[in-house]
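Trainee: I would like a close look at one part of this model. Please start there and then connect it to what lies around it.

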Amino acid sequence: MQIKSDFLVIGSGGAGLAYALSVADHGTVAIVSKKAKNESATYYAQGGVAAVSSPADTFESHVQDTLSSGDGLCNADIVRMVVREGPAQIKNLIEWGVNFTKGKEESFDLTREGGHSYRRIFHAGDFTGQEIERALLAAVEKHPNIKFYRDHIAVDLITSLKLKTGASANECYGAYVLNAATGDIVTFAAHITVLATGGAGKVYLYTSNPDIATGDGVAMAYRAGATVANLEFVQFHPTCLFHPDARSFLISEAVRGEGAILTNSQGREFMQKYHSLKALAPRDI
């Protein structure tokens, strides 16, 4: 069986859904998701999304906060690009139906998180990821050019090198995908294929990352000949409610942003020994 589209998006978190909505007016889109429900790193994100919006805040302040939180390991050009495009992406999310929490006079209720100098976090209560996923899924389902394939697991990319077509450059033609319900392998053919499969945090037993974060997209890219980098960077949230048999529950950074402190087993505050920002220190601290 073969399914054809102009765009193939593998992954149904915020990145995959946002990309699908961005290109759907220019062609047909197939979204492949290995889960039947709303399961993604986006869904479990709690605190919010950082973007400069206050007159007191600046792009440069956000850039410097990010570089500092990255302990000097960030690509400064990428940081500046992401920070400068942040407000426009917030606008897109609002237009796609995301309901960020508002405060007085209908202005957005901006919060603060670890490593930030200003209140610049747009949030939806403390379930921001769920709200973003909800809104993007609703927008995707309304668009006539987008078709969703749930419970479909991407197995491998289809490339000219693997097919031995003789093409001078290694090109991607789509992906082989397992229909988990039937056990059939389906060929998804597309002009453009986007991997938006998330990370590999679930290679660790104790993590706040969802169970689907198994790194299969990275592996597919590597087998297809893509360059992979920075694989040592895996998110570990500084405040988790440990559970020995399940995904550790994330305690949002917004809690500390509103004044919560970290204490040891004797109930004593201790972060002042390590950083001037105390409980709001960057994650690496």
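Which residues does Gln 130 touch, not counting residues up to four places away in sequence?

Mentor: Gln 130 touches Thr 42, Tyr 43 and Ala 45, with residues up to four places away in sequence left out. Contact here means heavy atoms within 4.5 Å. Before going on, note that this is a predicted model: local features need pLDDT of at least 70, side-chain atom pairs count only at pLDDT 80 or more, and totals for chains, interfaces and linings use all residues. Residues are numbered from 1 along each chain as its sequence is written, and side-chain values use heavy atoms, leaving out hydrogens and water.

Stay with Gln 130. It sits in helix 5, residues 128–142. Helices (H or I, at least four residues) and strands (E, at least two) are DSSP runs, numbered from the N terminus. Gln 130 has a relative accessible area of 31%, so it is partly exposed. The cut-offs are under 20% for buried and over 50% for exposed, with partly exposed in between (1.4 Å probe, protein chains only). Pro 144 is 14 residues from Gln 130 along the chain, and their C-alpha atoms are separated by 24 Å.

Now the sheet. Six strands form an open sheet with mixed pairing, in the order 5-2-1-8-7-6. Two strands pair if DSSP finds at least two bridges between them. Strands pair through backbone hydrogen bonds, either parallel or antiparallel. Strand 5 (146–149) and strand 6 (152–159) are at the edges; each has a single partner strand, so one side of each lacks a neighbour in the sheet. From one strand to the next, the twist averages 40 degrees. Angles run from 0 to 180 degrees between N-to-C directions, and axes are lines fitted to C-alpha atoms, for helices over the stretch in contact.

Take the pairs in turn. Strand 1 (residues 2–10) and strand 2 run parallel, joined by four bridges. Phe 7 has Val 29 of strand 2 as its bridge partner. In a regular strand, side chains alternate between the two faces of the sheet. In strand 2 (residues 29–32), Val 29 and Ile 31 point one way, Ala 30 and Val 32 point the other way, and all are buried. Strand 6 and strand 7 (residues 172–179) run antiparallel, with seven bridges between them. Thr 159 has Cys 172 of strand 7 as its bridge partner. Helix 7 (residues 216–223) packs on the sheet and touches strand 6 and strand 8 (185–195); its direction makes about 15 degrees with that of strand 6.

Next, two loops. Most residues other than glycine have a negative phi. Asp 151 is not a glycine, yet its phi is positive, about 60 degrees. Asp 151 lies in the loop between strand 5 and strand 6. Its relative accessibility is 29%, so it counts as partly exposed. Lys 164 also has a positive phi, near 55 degrees. Its place is the loop between helix 6 (160–163) and strand 7. At 74% relative accessibility, Lys 164 counts as exposed.

Last, a helix pair. The axes of helix 3 (residues 59–69) and helix 4 (residues 76–95) come within 9 Å and cross at roughly 135 degrees. That makes helix 3 oblique to helix 4. The scheme is: under 35 degrees roughly parallel, over 145 roughly antiparallel, 65 to 115 roughly perpendicular, and the rest oblique. Among the residues in contact are Phe 59 and Leu 67 in helix 3 and Val 83 and Pro 87 in helix 4.
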